[in-house]
Structure formats: structure tokens, C-alpha cells
Amino acid sequence: MVVSKNSMWFVGCGMSLVGFGVLMSATWSLVFHAKIKNMMVLRNGSTSFEIWRDIPIPIYLECFLFNITNVADILMGKNVPIHVEELGPYVFRERSTKTIAYTVRNEPLMLKFIIDISLRMYHQNMFVTANASSWLFDGIQDPILDLVEKIPSLPYTIPFDRFGWFYKRNGSVDATGLFLAHTGASDFTKLGHTLKWNNSNKTVFRGQCGEVQGTTGELWNLENDAPEIKIYAADLCTYISLAYSGDVIKKGLPGREFAANDSLFDNGHKYPQTACYCDENSGRDCLPSGALNVSACKYGAPAIVTRPHFLGMDPYYANKIKGLQPAPKHNFKMSIEPVTGMPLAISAQLQANALVRHVTGISINNQLPDPDTLVPMFWFREEIEVNDEYANFARSALSVRYGVPYGLYVMIALGASLLLSGLYKIRRFPLRQLRECDVAASQKFLSNNISPNVTNST
């Protein structure tokens with residue numbers, strides 16, 4: 001019976017290994033994603049909470065200013081296009097501004113004449129010269145801002161005493177407003193989704209364009225077949241949609257890349273669902289494709305957002321500016337590791353422009369040769385790439401995700417080998433006993449039936 005006990009041990013171990021391996025293989029994906037969910041749900045003490053609260057990866061924000069090089073020709077009244085040159089990069093944070101002429105363009109003519117006289121008291125022309133730090137960070141002192149505060153009919157209150165793209169943004173804790181985001185605890189598919197911005201789920205745009213959607217970019221629960229992602233941009237008062245553009249490798253990690261295409265800032269020209277970025281009766285205020293009017297989001301300023309160097313923009317405005325060099329490197333794109341939801345690389349790039357249209361009664365505003373010009377002001381590039389620490393963390397998680405199943409397959413194969421070996425031994429044991437019994441019976445039969453011849457002599 002020694003062989004029989006060994007056989008039963010082989011069978012028992014084999015069945016245990018096969019059963020455990022099959023069970024874990026069938027449920028491993030659920031077990032792994034449950035662990036990832038536990039790490040990624042936003043709650044005090046979770047891994048994602050610490051990253052979300054204080055992003056440990058350095059964020060580099062490069063800003064490029066556009067300098068108008070042919071101001072003299074323009075002021076001489078020559079019919080010339082605007083020539084610009086790019087200066088930078090300068091590293092600061094983003095900011096918006098406004099001009100008074102655009103805000104009062106629909107006011108009575110007499111009021112506009114009064115405003116024009118007031119503007120002429122402080123400025124000879126519409127151009128301002130200042131160093132980069134003043135434009136970007138320190139701000140430019142301008143008595144016009146004091147004047148604006150005294151105009152009772154303006155629909156907006158300007159909360160700044162200086163003119164600067166990033167003025168009062170450096171070090172501010174509420175520069176982009178108050179966000180209410182989904183923690184993912186009750187529905188992990190909505191992890192990081194913005195629910196409200198500044199205590200509202202609607203913004204200045206109409207229809208679905210005014211809905212608060214998308215994430216702020218730090219947290220993702222990415223579906224493997226997601227055709228696009230949405231990022232809520234507070235400075236635009238809306239979300240940006242990025243379409244899947246292909247698979248990439250970053251720091252040795254596989255990722256899915258999403259990039260802006262011609263649907264970004266389309267305004268309904270090719271994609272009807274984006275028509276809500278224009279008022280139903282907007283007339284020429286509805287811009288050509290490739291430019292988003294965010295004046296309602298920026299205190300009524302003629303602020304227009306495009307991709308850098310007018311990349312992918314309708315030629316109506318682009319052809320009026322010389323010196324721009326749009327290239328694929330200027331596109332807005334982002335890559336994400338789909339299993340952990342970790343952003344691998346971000347290249348967020350947008351451009352701020354001022355829409356300058358001639359306004360009857362305000363001569364200082366009407367000095368550009370073309371009565372309808374989109375003037376590039378500056379563009380920014382915010383680049384983030386996962387560092388080695390978090391790349392190693394993601395790499396370890398992926399090794400566990402894809403390595404454990406192979407270990408389980410080996411376990412199942414080993415268990416099957418033990419099981420088959422045990423069954424073979426069990427099957428072989430009675431056959432051996434039967435053969436041994438047959439041999440013994442044959443020998444006994446022969447000894448009983450064959451007698452030897454014995455000779456006796458007297």
C-alpha cells in the first residue's frame with residue numbers, strides 16, 4: 001500500500017494546485033483592479049490622494065511672447081500685415097487680460113467719444129512696450145485701469161490694478177476657482193471627474209458646451225477603448241476634448257496618446273455638437289474654426305484662444321499675421337498608462353490672442369490696417385513627464401498584473417502533472433497486484449499438478 005499512499009498524495013496536491021490556479025486565474029484581474037481601485041480612490045491616506053493634493057512631479061510652464069516688429073509702419077498708416085517674432089521661453093503661470101474698447105463697443109456713440117478722449121490723455125497709440133517680467137508677472141501700471149473702475153455702465157468688475165498676463169496668479173491658492181471632483185468611491189469609472197466648478201455645474205456657454213465635464217488631468221480611470229478624453233480647463237470655462245491618436249512608449253511604459261484634432265474650437269463648422277460655443281444670434285462673433293471666444297469667461301475682454309502659432313486654424317485670421325510657424329510640435333497632447341491610469345506625459349499648449357476690431361468713435365482702437373484682426377499675444381507650453389520613481393512604481397504594478405497569471409499557469413501545469421502522475425500510479429498499482437497474483441497462482445498450479453518420477457530399487 002506504500003505506492004497507493006504516494007499516489008493519493010500526488011492526486012491531492014495536483015488537484016489543489018489546479019483548483020487554486022484556475023480560481024486565481026479566473027479572478028486575478030478582479031483582484032488586481034480592486035487593489036488599484038483601493039490605491040486610486042480619493043480619500044485621506046490613499047496613494048492617489050497624496051499625489052493629487054501635492055503633485056510630486058516637477059511641472060514646467062514655458063511662456064512665449066509675441067513682439068510686433070512693424071509698429072512704425074502700422075502707425076504711419078501703411079496697409080501692411082502685422083509681423084510678429086517669438087520671444088522666450090519665460091517660466092511663469094498663465095493669466096488673461098482685456099481692453100476697454102471691446103467692452104464698450106455696443107455703448108452709445110457719445111460715450112465712446114468720451115472714452116476715446118480719455119484714452120488719448122494717457123496713450124498716443126494702442127501699443128504698449130514693457131519688459132517680459134512686467135507682461136508676465138509684475139504687471140504694468142496703467143491709469144486706464146483706474147479709469148475703468150469709474151465707468152458705471154460696464155457689465156464687468158475688473159479685479160486687477162495692473163495689466164499682466166500672470167499678475168496675481170503666482171502663489172495664489174484659488175486662481176483657477178473651486179473644484180468639486182468625484183472621488184471614485186461610489187463609481188470608480190468617474191474617478192477625478194469634475195462635478196462642479198465654482199459651486200456650479202454650468203458655465204458661460206450654452207447647451208452641452210457649458211456643462212462642467214472632464215477631469216483636471218491628474219487622475220484617470222481609462223477605458224481601454226476610450227475614443228477620447230476630456231480635460232476641464234478653468235481658464236476657458238469649458239472642457240477640452242482630446243482624441244485617441246495612437247500607442248506610445250514613455251520611460252519603457254506602454255501608453256495611449258490623446259491629441260487635439262480639428263474638432264478643437266471648431267464652433268460648429270465641421271462638428272455640429274460644438275456650435276454651442278457660439279450664441280444662436282452671434283453673427284460675426286462666431287469665429288472661424290480653430291479659435292474659441294472666451295470673452296464671457298474673461299470679464300468681457302476680447303480674449304480668443306487658439307493652438308500655438310494658429311495651428312490647424314481657418315486661414316481667415318491666420319493669413320493676416322506674418323512670422324508664425326505652426327508645426328505638429330505645437331499640438332496639445334497627453335499620454336496615459338491605461339492599467340494604472342497614470343499620466344505618462346503631458347504637453348498642454350494653447351495660445352492667447354486679442355481680437356481687435358475697429359469700433360466707431362474710438363480712434364485709438366482703430367489703428368490696425370485690417371478692421372478685423374486676431375493679434376497673437378503669447379502662448380504657453382506646460383510639459384510634464386513621469387519621473388523614474390513613478391515609472392518604476394507603474395512598471396512594478398504592471399509586472400505583477402501580467403506576471404502573476406504566468407505563475408498561475410505554471411502552477412496549473414505543475415498541478416496537472418502531479419494529478420496525472422498520481423492517477424497513473426493508482427491505475428498501475430492494481431495491474432501490478434493482478435500480475436503478481438497471476439504469477440503466484442500459476443506457480444501453485446504447476447507445483448500441484450506436475451509430480452516427479454521416483455525409481456525404487458530393491
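A disulfide here is a pair of cysteine sulfur atoms within 2.5 Å. With that in hand, some friendly notes on the cysteines of this predicted model.

1. Searching the whole structure turns up three disulfides. If the bonded cysteines are numbered in sequence order, they pair as 1-3, 2-6, 4-5.

2. Cys-209 and Cys-276 are bonded, with an S to S distance of 1.8 Å. This bond ties together distant parts of the chain, 67 residues apart: Cys-209 lies in the loop between strand E4 (194-197) and strand E5 (228-233), and Cys-276 in the loop between strand E7 (253-259) and strand E8 (292-293). The S-S torsion is about 65 degrees, so this disulfide is right-handed. Cys-209 is buried at 1% relative accessibility, and Cys-276 is buried at 10%.

3. The sulfur atoms of Cys-237 and Cys-297 sit 1.9 Å apart in a disulfide. Here too the link is between distant parts of the chain, 60 residues apart, with Cys-237 in the loop between E5 and strand E6 (238-250) and Cys-297 in the loop between E8 and strand E9 (303-306). Its torsion of about 75 degrees makes the disulfide right-handed. Both cysteines, Cys-237 and Cys-297, are buried.

4. Cys-278 bonds to Cys-286, sulfur to sulfur 2.0 Å. The torsion about this S-S bond is about 75 degrees, so the disulfide is right-handed. Cys-278 has 6% relative accessibility and therefore counts as buried, whereas Cys-286, at 24%, is partly exposed.

5. Two further cysteines deserve a look. Cys-13 is partly exposed, with a relative accessible area of 25%, while Cys-63 is buried at 0%.

Note on methods: Residues are numbered from 1 along each chain as its sequence is written. This is a predicted model: local features need pLDDT of at least 70, side-chain atom pairs count only at pLDDT 80 or more; totals for chains, interfaces and linings use all residues. Side-chain values use heavy atoms; hydrogens and water are left out. Helices (H or I, at least four residues) and strands (E, at least two) are DSSP runs, numbered from the N terminus. Buried means under 20% relative accessible area, exposed over 50%, partly exposed in between (1.4 Å probe, protein chains only).
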